[in-house]
Amino acid sequence: MTPSKKGRKPRPDKSQPLLRQLAAVPEMLFAGAFRQQYGALCFRHGNGGSEVEILVITSRESARWVIPKGWPMKGKKPFEAAAIEAWEEAGVRGVMKKKPVGRYTYLKELDNGDVAPCIVDMFQLEVTEISSDFKERGLRILEWVSPDEAARRVREIELKSLLVQFEAHGRKKRDRG
């Protein structure tokens, strides 16, 4: 733990892995409520439609494998915010399901160094458009992989489970969503 001035909250040593940081100052994890985020589980049909591919991207800061996600947006419904994140972070658009297909939790390191527990509601996005010109181009690596490979790459246990159990709710069912 780094030294702190009188009256200030102790800060974790940033050179330590996230869980060790939290163990040093557990009040950071339980100080507030979970924060809400929305994510896009982007998929497409590959190999002539017989296989499903999932889009995974790297995070900007740590370059670990994640899915497009972000904070709620004023005036936007959750599925709309997830669609915007998919476009800005990965340059993909398509048919978005309006109801979440699952959720997962993770610990988000904020810009100020604090750690916030987050709940991410996931919405399926069947990708119909891919652009090479998008807001975060050059800041992330994008790869299309099998659901099993996507699950191997991400860290969050609940997200791994969602990916392994993934079932595409695509074109024939899209109008029900």
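Reader: What makes Arg93 a charge that sits over the ring of Trp87?

Author: In this predicted model, the charged end of Arg93 is placed over the Trp87 ring, 3.5 Å from its centre. The limit for the distance is 6 Å, and Arg153 also meets the description, lying over the face of Trp65 at 4.7 Å from the ring centre.

Reader: Why is the pair of Tyr104 and Tyr106 called tilted?

Author: The whole structure holds 3 aromatic pairs. For Tyr104 and Tyr106 the ring centres are 6.1 Å apart and the planes stand at 35°. Stacked planes are under 30 degrees apart and edge-to-face planes over 60, so this pair is tilted.

Reader: Are Tyr104 and Tyr106 buried or exposed?

Author: Buried means under 20% relative accessible area. Tyr104 has 1% and is therefore buried; Tyr106, with 8%, is buried as well.

Reader: Why does Glu136 count as buried?

Author: Its relative accessibility is 8%, and the cut-off is 20%, so Glu136 is classed as buried. Glu136 belongs to the loop between strand E7 and strand E8. Beyond its neighbours within four places in sequence, Glu136 is in contact with Arg60, Glu88 and Glu89. The C-alpha atoms of Glu136 and Glu88 are 6.0 Å apart, although 48 residues separate them in sequence.

Reader: Why is Asp148 called partly exposed?

Author: Asp148, in helix H4, has a relative accessible area of 42%.

Definitions and conventions. Residues are numbered from 1 along each chain as its sequence is written. This is a predicted model: local features need pLDDT of at least 70, side-chain atom pairs count only at pLDDT 80 or more; totals for chains, interfaces and linings use all residues. Side-chain values use heavy atoms; hydrogens and water are left out. Helices (H or I, at least four residues) and strands (E, at least two) are DSSP runs, numbered from the N terminus. Buried means under 20% relative accessible area, exposed over 50%, partly exposed in between (1.4 Å probe, protein chains only). Contact means heavy atoms within 4.5 Å. Rings of Phe, Tyr and Trp (its six-membered ring) pair if their centres lie within 6.5 Å; planes under 30 degrees apart count as stacked, over 60 as edge-to-face and the rest as tilted. A charge sits over a ring if NZ of Lys or CZ of Arg is within 6 Å of the ring centre and within 35 degrees of the ring normal.
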